[in-house]
Every structure is written in structure tokens, then in C-alpha cells.
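Open the model in a viewer and keep the sequence panel in view. The stops below go from one selection to the next.

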Amino acid sequence: MDIMNPNSTGTSEFYGEIEEIEDEVESRFNLFKNFDIIPNPPDDHRFKKDSSRVLLESPLGQKIEQEWNLLKKNLPNSIFVRVYESRVDLMRIAMIGPPHTPYHHGLFFFDIFFPRNYPSYPPKLYYHSYGLDLNPNLRHGGKVCLSMLARRYERIIREWYACYPQKWNKHSSILHVLYAIQGLFMCAKPYSTEESNKKAFELTCGIVIQVLREPPMDFEDFVKGYFRKRAHPILLKFRKEFDGDKDQLRIIELFTNLYRVLEKNGTYCMHHLCFLKSIKGNTEEESIIMGYFMKTAKALKYQADS
């Protein structure tokens, strides 16, 4: 998948984007590497206070360095990793939601900590949920439920992890964990019903809003540039998924918040407001609230042009 091309699934659909001159944000985004070593972990890393310094020359440090080399050689262009010179036991991961799933175009973040008894014991993972239950395996408290993955995908776990379900093996790697999260957790149908799968996309939109408002440290430039590239496909998918939705008030509010953060991030999105215009309030109250959101969205555009 080509992250520079939002429509990288092989189709030639035209999104109607307005051509914009590349600015400093997009330049930094284009220079953002899939894997990079930087001096120190950010203050918002979940596990920054969890251990003392690990030397790269130590047995644990050497094992972690092997993990780095494996990631550098094998990372897909939809996963981005930052590791730290002063804390080799920590990582931060950014993961793009796979195509043909409710998570497509979303951006998801994980913090990783390698304990001193690694690889005899697995690394700790924390998912930046922003308080949202993305699916049964990625919970609002940041928990990543690998045990559920093991029960559901026993054969795949044996092949990928070289281990039995619910049992970590010293031959496992962090690369396998990332593949499993992206390929198995973020699947086309994470739930058994279409309505629940639609809810997964709604939650993904919520994550987009929160990530743009509070991007994890060291990924600010990537977040800004990425969502400039993805703004139009995200809004088009929203319009397709929720056209005719019965819960109009909730959808109007979500769409407006999504529109506002994407427009504020630097992408011209005014032409997507036709989605709001197409919604007819069933009651006088709904019509009034819809009008309020329309005025709010237009006011934001006016401020951006001023």
C-alpha cells in the first residue's frame, strides 16, 4: 500500500481534491522514515518511568538491537517505528488501518516496553485509545488482548509466533506482533454484525479527531501530513457509510467535528458540506441543531480564509 496515494488499493476513483502547493508540513511528512532512532523517549510515552537504563551492549540490549534490524529490513510502509538511544527498551509505533476494513485511513499508536526478562517474557503493549473501544482486542484502557487473538487464530499464531496459543516463545519477535495486530485485529469484519462493523468505522473517525487534536509526541509532523493526504477519502467514506443513517443528530455532530479538524489541519474540505445539506431534519429540533452545525462549519472556513 502506498501511503502517499490515499487511493492505493488499485482503483482509479477520482476524489476531486484541489491541488495545493507543498508546504513545510508536507515536506516534513515526506521525509518521515518508517524506522528511526532518536535520542530520547517523549514525556507522554506510557512506559517511560517503568525501568532503569538498559545498555545496548548488554544481553537484553543486543536482543533488542536484533529486533531493530528485523524491523528496519521488513517493516511494511504502513507501520512506523521510533526507538530511542537513551532507552533501548522502549518503542513507539504508528500503524495505518488496512484497506477494505472499517479502520482504513485511520492512524493508531502503540507504546512498547521490553522487560528485563525479554525474550523469555513478552513485551508490554499499550494502545493509545483516547478512551474509545476500537474493537474487542483493542480496549479503551489501552489494553491489547493478545490472548483473544491466540484463541481465535491458533494456527496462524503457531506459524507466525512459533508458539502455542496464550504462550509467548523466545523465538517470537515484535515484528510478528505488529503484523498480527494490523492483519488480524484490524480485519474487514471485527464484529459478527454489519451494524457493529459500521460502529467500528465510527470509532475510527473518533480516533482521527482525537489524534489530530492530541498527536503523540515525535509523530506530530507525520500526523499532520498524513491526514492532509487522507482528508478527502475519509470524508467520502463517511458520507457513503452514513448516508440515510437514522441517528441523524449523532452523525451530524461526528461529521462536523471530523470536518473541522481536517479543515483546520490544512486541507480544503468545504465541498464536503453538501453531505450536511442533504440531511433533512425529521423534527423542528433536528433542523435547528443541523443548522447550528452548518453555521459552525462555515464559520471555521471563514476564519481559515481571513
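Which element gives the largest share of the lining of the largest cavity? That share, four residues, comes from α6. Before selecting anything, note that this is a predicted model, in which local features need pLDDT of at least 70 and side-chain atom pairs count only at pLDDT 80 or more, while totals for chains, interfaces and linings use all residues. Residues are numbered from 1 along each chain as its sequence is written, and side-chain values use heavy atoms, with hydrogens and water left out.

**Stop 1: α6**

Select residues 194–213, which form helix α6. Helices here are DSSP runs of H or I with at least four residues, strands are runs of E with at least two, and both are numbered from the N terminus. The 20 residues of α6 reach 29 Å from first C-alpha to last, close to the 28 Å expected at 1.5 Å a residue; the expected span is 1.5 Å times one less than the number of residues. Of these 20 residues, 14 are buried, so α6 is largely enclosed by the rest of the structure. Buried means under 20% relative accessible area, exposed over 50% and partly exposed in between, with a 1.4 Å probe and protein chains only.

**Stop 2: the cavity**

Now select H104, H105, G106, F201, T204, C205, V208 and I234, which line the largest cavity. A cavity is a set of points on a 1 Å grid over the protein atoms alone where a 1.4 Å probe fits but cannot get out, and lining residues have an atom within 4 Å of a point. The search of the whole structure finds one cavity of 30 Å³ or more, and about 30 Å³ of space lies in the largest. Volume here is the space filled by probe spheres set on the points, which are joined across faces, edges and corners. The lining divides into four nonpolar residues, four polar and no charged.

C205 counts as buried at 1% relative accessibility. Elsewhere, C269 is also buried, with a relative accessible area of 0%. The structure holds zero disulfides, a disulfide being a pair of cysteine sulfur atoms within 2.5 Å. H105 lies in the loop between β3 (90–96) and β4 and has a positive phi of about 80° although it is not a glycine. At 4% relative accessibility, H105 counts as buried.

**Stop 3: backbone in the loops**

Go on to P119, in the loop between β4 (107–113) and β5 (124–127). A cis peptide bond joins Y118 to P119, with omega about 10°. Then pick Y130, in the loop between β5 and α3 (146–152). Y130 is not a glycine, yet has a positive phi of about 55°, and counts as partly exposed at 26% relative accessibility.

**Stop 4: aromatic rings**

Show the side chains of F29, F32, F80, F109, F219, F222, Y226 and F227, which ring pairs link into a cluster. Rings of Phe, Tyr and Trp (its six-membered ring) pair if their centres lie within 6.5 Å; planes under 30 degrees apart are stacked, over 60 edge-to-face and the rest tilted. The count comes to 16 aromatic pairs. F219 and F222 form an edge-to-face pair, 6.5 Å centre to centre with 85° between the planes. F219 is buried at 0% relative accessibility, and F222 is buried at 1%.

**Stop 5: α8**

Finish with residues 248–264, helix α8. Twelve of its 17 residues are buried, including I251, F255 and Y259. Just after α8, G266 takes a positive phi of about 120°.

Terms used:
On a 1 Å grid over the protein atoms alone, a cavity is a set of points where a 1.4 Å probe fits but cannot get out, and a pocket is an open set with protein on both sides within 12 Å along at least five of seven lines; lining residues have an atom within 4 Å of a point. Ala, Val, Leu, Ile, Met, Phe, Trp, Tyr, Cys and Pro count as nonpolar, Asp, Glu, Lys and Arg as charged, and the others, Gly among them, as polar.
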